[in-house]
Amino acid sequence: MAAAAASEELPAAAAAASAAPVCVLVLGMAGSGKTTFVQRLAAHLHGQRCPPYVINLDPAVRGLPFPANIDIRDTVKYKEVMKQYGLGPNGGIVTSLNLFATRFDQVMKFIEKRQNASKYVIIDTPGQIEVFTWSASGTIITEALASSFPSVVVYVMDTSRSTNPITFMSNMLYACSILYKTKLPFIVVMNKTDIIDHSFAVEWMQDFETFQDALNQETSYVSNLTRSMSLVLDEFYSSLKVVGVSAVLGTGLDDFFVQLSKAVDEYEREYRPEYERLRKTLEKAQNKEKREQLEHLWKDMGSVCMQGNTLAGSDDASAMSPSELILTRGTLDEEEERESDTDDIDHEVTEESHEEPAFRNFMQETRVKYQRRSNPNE
């Protein structure tokens with residue numbers, strides 16, 4: 001009876017999860033094969049006749065081996081940002097991502113439009129992992145996705161470079177910090193199993209003594225620190241989802257989707273209620289702030305509106321509130337409403353935007369400012 005009940009719960013959970021696309025945030029250090037994994041993942045889904053919605057958040061990549069529906073490079077010019085702000089490569093990536101995050105609400109609209117056509121949304125992040133994980137823009141993007149769609153963080157690590165126990169522990173500490181920072185279901189993808197099988201790493205995680213034996217060959221101070229840290233991560237290992245994958249050969253993807261399905265169930269069971277609670281709290285705070293702002297507007301503009309209504313001498317004018325007068329001003333024409341800073345590769349009709357193109361104007365004003373500074377005699 002228990003087995004039958006469990007079998008009934010799984011389809012129900014799957015049906016609930018299928019109502020919205022699953023957002024897969026792919027993170028990984030440079031050289032871990034993160035972009036190749038995204039390529040293989042997208043190709044696998046296309047082969048299953050389930051095309052994903054792919055988003056590239058790496059502004060410094062020269063070329064993508066997969067088609068991206070939304071590409072940050074179409075909105076923010078990475079080299080131009082470096083030039084205008086006098087930044088280096090990492091600073092340019094951080095600033096580009098920050099600028100793109102200011103318009104991420106438009107990306108959310110594109111995802112909502114395509115949610116019936118795509119079951120998965122795959123987000124490829126910059127190779128400089130700290131840029132996305134610990135930046136304000138990364139937090140904004142992660143929370144925006146997680147508050148609306150089932151979201152899972154996938155950490156891609158290079159298995160061939162983790163055969164040293166100290167390097168392995170460094171990867172696990174990175175993964176642990178990302179887990180607690182994002183507060184989302186987490187999957188570790190041990191990539192490049194075509195070079196070396198990941199079974200040694202799984203054994204290290206499951207058997208403490210085996211990992212200690214591997215550390216005995218190391219005599220440095222770092223090995224002593226690693227030995228102590230392995231005890232701390234014991235609880236982290238117990239609930240960690242691990243999959244061995246070869247992005248080159250495409251092996252292990254079936255196991256990955258099994259773990260992804262479990263992660264989605266975990267999100268629906270444990271994380272969604274928390275995000276809904278936070279969203280309701282935020283909405284209440286925003287509504288309270290809007291009411292306070294509206295009261296200030298009534299006080300500040302009440303006398304002005306009374307004078308305007310007296311001059312107009314119209315009953316309709318007298319019935320119009322200050323907030324309504326404000327909302328009827330500064331409306332955009334049809335061409336401006338159709339403009340969008342986010343380019344979709346499908347070239348579908350873009351969402352109408354009632355916001356001013358502040359991002360583009362900001363870049364233009366900044367360019368003029370720097371030109372004036374460089375040529376003060378003009």
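Trainee: What covers the buried residues of helix α5?

Mentor: The cover over the buried residues of α5 includes β2 (53-56), β3 (70-71), α4 (89-101), β4 (120-124) and α7 (136-146), where a contact means heavy atoms within 4.5 Å. Helices (H or I, at least four residues) and strands (E, at least two) are DSSP runs, numbered from the N terminus. Keep in mind that this is a predicted model, in which local features need pLDDT of at least 70 and side-chain atom pairs count only at pLDDT 80 or more, while totals for chains, interfaces and linings use all residues. Residues are numbered from 1 along each chain as its sequence is written, and side-chain values use heavy atoms, with hydrogens and water left out.

Trainee: Which residues of α5 are buried, then?

Mentor: In α5, which spans residues 104-113, the buried ones are F104, Q106, V107, M108, F110 and I111. Buried means under 20% relative accessible area, exposed means over 50%, and partly exposed lies in between, with a 1.4 Å probe and protein chains only.

Trainee: How many residues does the largest nonpolar core have?

Mentor: The largest core has 60 residues, and those with the most contacts inside it are I55, L145, F168, M172, F186 and V188. Helix α8 (residues 165-182) gives the largest share of this core, eight residues. A core here is a set of buried Ala, Val, Leu, Ile, Met, Phe, Trp, Tyr and Cys residues joined through side-chain atoms within 4.5 Å. There is also a second, separate core of 30 residues, which includes F37, V38, V156 and V245.

Trainee: What does F168 touch?

Mentor: Leaving aside residues up to four places away in sequence, F168 touches M157, S162, M190, A201, W204, M205, F211 and Y237.

Trainee: And V188, where does it lie?

Mentor: V188 lies in strand β6, and it counts as buried because its relative accessibility is 0%. Among the residues that V188 touches, not counting those up to four places away in sequence, are Y155, M157, M172 and A175, as well as L240, K241, V242 and V243. V188 and V154 are 34 residues apart in sequence, yet their C-alpha atoms are 5.9 Å apart in space.

Trainee: Switching to charges, how many salt bridges does a search of the whole structure find?

Mentor: The search finds seven, a salt bridge being a side-chain nitrogen of Lys or Arg within 4 Å of a carboxyl oxygen of Asp or Glu. One of them joins D158 and K192, with 3.0 Å from N to O. That pair links distant parts of the chain, since D158 is in strand β5 (residues 151-158) and K192 in the loop between β6 and α9 (199-206), 34 residues apart.

Trainee: Which side chain does D71 meet in a salt bridge?

Mentor: D71 meets R73, at 2.7 Å from N to O. D71 counts as buried because its relative accessibility is 6%, whereas R73, at 22%, counts as partly exposed. Another bridge joins R269 and E270 at 3.7 Å, N to O; there R269 is exposed, with a relative accessible area of 54%, and E270 is partly exposed at 45%.

Trainee: What about disulfides, how many does the count come to?

Mentor: The count comes to zero, with a disulfide taken as a pair of cysteine sulfur atoms within 2.5 Å. As for individual cysteines, C23 is buried at 0% relative accessibility, and C50 is buried with a relative accessible area of 15%.

Trainee: I was checking backbone angles. What is phi of R49 near?

Mentor: Phi of R49 is near 55°, a positive value in a residue other than glycine. R49 is found in the loop between α2 (34-47) and β2, and it is exposed because its relative accessible area is 80%. K183 also has a positive phi, near 55°; K183 lies in the loop between α8 and β6 (186-191) and counts as exposed at 57% relative accessibility.

Trainee: Last one: which residues make the nonpolar surface patch of about 320 Å²?

Mentor: That patch is made by Y221, V222 and L225. L225 sits in helix α11 (residues 221-232), and it is partly exposed, with a relative accessible area of 44%. Patches are made of residues with over 30% relative accessible area and no salt bridge, where like charges are joined within 9 Å and nonpolar side chains (Val, Leu, Ile, Met, Phe, Trp, Tyr) within 5 Å. Accessible areas come from the Shrake-Rupley method with a 1.4 Å probe, and for residues only the protein chains shown count as cover.
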